[in-house]
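Please keep the sequence and the 3D view open while reading.

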Amino acid sequence: MKQTNNIQSMLNITDKELFTILISETGGQTRMRIIDALLNMPSNANQLSKQLKLDYKTITYHLDIICNHKYATRETFGKITFYYPSDKLIKRLDEYNQIKGKINNQ
């Protein structure tokens, strides 16, 4: 935990919640892959599962976490739910990219 606090302060990350779901918890790499995919193109869980080659249940589990923290929004059309990057995420893209860069360089 001390190492993650050092990384957070070194990067000057103010969004502790974003930092936590990407670094301090298991599954951060998967959540980053999902967020990157959503930033590229809004998608539904089935599309993300195929694109990222991950189990559908894994995708929906991580989407729930991302949405619960309000870094993505969901909109349902009939029986299909699409996920979009939220305004909260867009406002924090610089911090997201700093965290992602640090993780990818480790």
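Helix α4 passes helix α5 in a right-handed crossing, the convention being that a crossing is left-handed if the near helix is turned anticlockwise from the far one by less than a right angle, and right-handed if clockwise. The model is a predicted one, in which local features need pLDDT of at least 70 and side-chain atom pairs count only at pLDDT 80 or more, while totals for chains, interfaces and linings use all residues. Residues are numbered from 1 along each chain as its sequence is written, and side-chain values use heavy atoms, with hydrogens and water left out. Helices (H or I, at least four residues) and strands (E, at least two) are DSSP runs, numbered from the N terminus.

**Helix packing**

The axes of α4 (residues 45-52) and α5 come within 9 Å and cross at roughly 120°; such axes are lines fitted to C-alpha atoms, for helices over the stretch in contact, and angles run from 0 to 180 degrees between N-to-C directions. On the α4 side the contact (heavy atoms within 4.5 Å) is made by A45, N46, L48, S49 and L52, and on the α5 side by Y56, I59, T60 and L63. These residues divide into six nonpolar, three polar and no charged, where Ala, Val, Leu, Ile, Met, Phe, Trp, Tyr, Cys and Pro count as nonpolar, Asp, Glu, Lys and Arg as charged, and the others, Gly among them, as polar.

**The sheet**

Three strands form an open antiparallel sheet in the order β1-β3-β2, two strands being paired if DSSP finds at least two bridges between them. Because β1 (43-44) and β2 (72-77) stand at the edges with a single partner strand each, one side of each is left without a neighbour in the sheet. Helix α5 (residues 56-68) packs on this sheet, touching β2 and β3, and its direction makes about 115° with that of β2.

β1 pairs with β3 (residues 80-85) in the antiparallel sense over two bridges, and N44 has F82 as its bridge partner in β3. The antiparallel pairing of β2 with β3 runs over six bridges, with Y84 of β3 as the bridge partner of T73. The hairpin of β2 and β3 has two residues between the strands, and in it G78 takes a positive phi near 65°.

**Salt bridges**

Side chains of opposite charge can pair when their charged atoms come close. How many salt bridges does a search of the whole structure find? The search finds three, a salt bridge being a side-chain nitrogen of Lys or Arg within 4 Å of a carboxyl oxygen of Asp or Glu.

| Pair | N to O distance |
|---|---|
| K88 and E17 | 2.5 Å |
| K100 and D36 | 3.0 Å |
| R74 and D64 | 3.1 Å |

K88 forms its salt bridge with E17, and this pair links distant parts of the chain, with K88 in helix α6 (residues 87-91) and E17 in helix α2 (residues 16-24), 71 residues apart. K88 is partly exposed at a relative accessible area of 22%, as is E17 at 31%; buried means under 20% relative accessible area, exposed over 50%, and partly exposed in between (1.4 Å probe, protein chains only).

The side chains of K100 and D36 also meet in a salt bridge, which joins helix α7 (residues 93-104) to helix α3 (residues 28-40) across 64 residues. K100 is partly exposed, with a relative accessible area of 23%, and D36 is partly exposed at 26%.

R74 and D64 meet in a salt bridge as well, with R74 in strand β2 and D64 in helix α5, 10 residues apart. R74 counts as partly exposed at 39% relative accessibility, and D64 at 33%.
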